[in-house]
Amino acid sequence: MLRAYAALILLGAIWGTNFIYMKWATALISPSQTVFLRILFGFLPLLLIACYTKVISLRQLRYLPHFAVMSVLATTLYYYGFVAGTALLPTSIAGLLSGSIPIFTFLTSLIFLRNERPSKRMTFGIILGFLGIVLSARPWESSQEVPLLGVFWMIVGTFSLGCSFVYARYYLSPLNLPPLALATWQSGIATLSLLIFTDFHNITAITSNTYTLWGVIIGLGMLGTGGAFFIYYYIIQKLGPVKSAGATYIAPIIAVTIGAIVGESIGIIELLALALILVGVILIQLPKNLSLDSMKISNSKSESGSKLDKPFT
């Protein structure tokens, strides 16, 4: 169990460092080129392990339309939104906004699934989360420091990811496919589509900085994309999806810390926004009845649920 919690902390740290690698990369190459490299070097280790464990097969090609939709919602558009947003925003703000993923996931589930009415506590959590987003964007100030276009792209990424959960519940959960197979197919299709549509002009500029090059290949691709899937599969097996979602709380804290280390301005507003988003997320994810017995029942149900109910970062 100790190893599982150590893995959870490691996963949150990996996700939190993604933003500085994206920032470095987009200083040299375009966001679409950065997304291509991230997905490519995340896909390669996934493919190797998937082939070794034999979790993918030609029979799964009949689900290709579903894999294609997921490749857009949970990979290409999601990653592009985060990369384009990070290119425009301070690293700390981009990482802070990523903490709103569970909020947008809950909202899209509420809109499209409508399987339950939100409690007053959940509603309050949504309000707190959006107050944190507004504080992060600071629309009352000049857009020079926090461009609203950057905030927009971060929201596009989180909303796209939220929609992917709804699609997965409708169309993929009943298929009982191994999560590794789904991750391999969707990242493979995303790699092929980006290979066709990405403008590769001057992509070799990333080789001009060794730290950025290896940061994208290893930090953003192999660890931040491919490796993150493996670690998440491990902790979801050991801790269940409810506790595993705690990694999403760690990532924005790491991103804000890194932003402070590299010299970005971290003030009261940023810390308050981070607190509001994290508290909002916690209020949304807590079970409706907070008694000990209901907590045990809720966790038991969640841990026996679909492995598709997981965050992607």
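The legends below describe an overview and several close-up views of a predicted model.

View 1. Read from the N terminus on, the elements run α-α-α-α-α-α-α-α-α-α-α-α-α. Of the 313 residues of the protein, 54% count as buried, and the protein exposes about 14,600 Å², of which carbon and sulfur atoms supply 69%. Among the contacts with a separation of 6 or more, 89% are between residues 24 or more positions apart.

**View 2. Helix H5 covers residues 101-112.** With its 12 residues, helix H5 reaches 16 Å from its first C-alpha to its last, which is close to the 16 Å expected at 1.5 Å a residue. Because 9 of these 12 residues are buried, helix H5 is largely enclosed by the rest of the structure.

**View 3. The buried residues of helix H5 pack against several other helices.** The buried residues are Ile101, Pro102, Ile103, Phe104, Thr105, Phe106, Leu107, Thr108 and Ser109. The helices they pack against are H3 (64-88), H4 (91-98), H6 (120-137), H7, H11 (247-261) and H12 (268-285).

**View 4. Ser160 lies in helix H7, which covers residues 148-172.** Ser160 has a relative accessible area of 3%, and because buried means under 20%, this residue counts as buried. Leaving aside residues up to four places away in sequence, Ser160 touches Val72, Leu73, Leu77 and Tyr78.

Note on methods
Residues numbered from 1 in each chain as written. Predicted model: local features only at pLDDT ≥ 70, side-chain atom pairs only at ≥ 80, totals over all residues. Heavy atoms only, no water. Helix = DSSP H or I, 4+ residues; strand = E, 2+ residues; numbered from the N terminus. Buried < 20%, exposed > 50% of the residue type's maximum accessible area, 1.4 Å probe, protein only. Contact = heavy atoms within 4.5 Å. Expected span 1.5 Å × (residues − 1). Areas by Shrake-Rupley, 256 points an atom, 1.4 Å probe, with all protein chains shown as cover.
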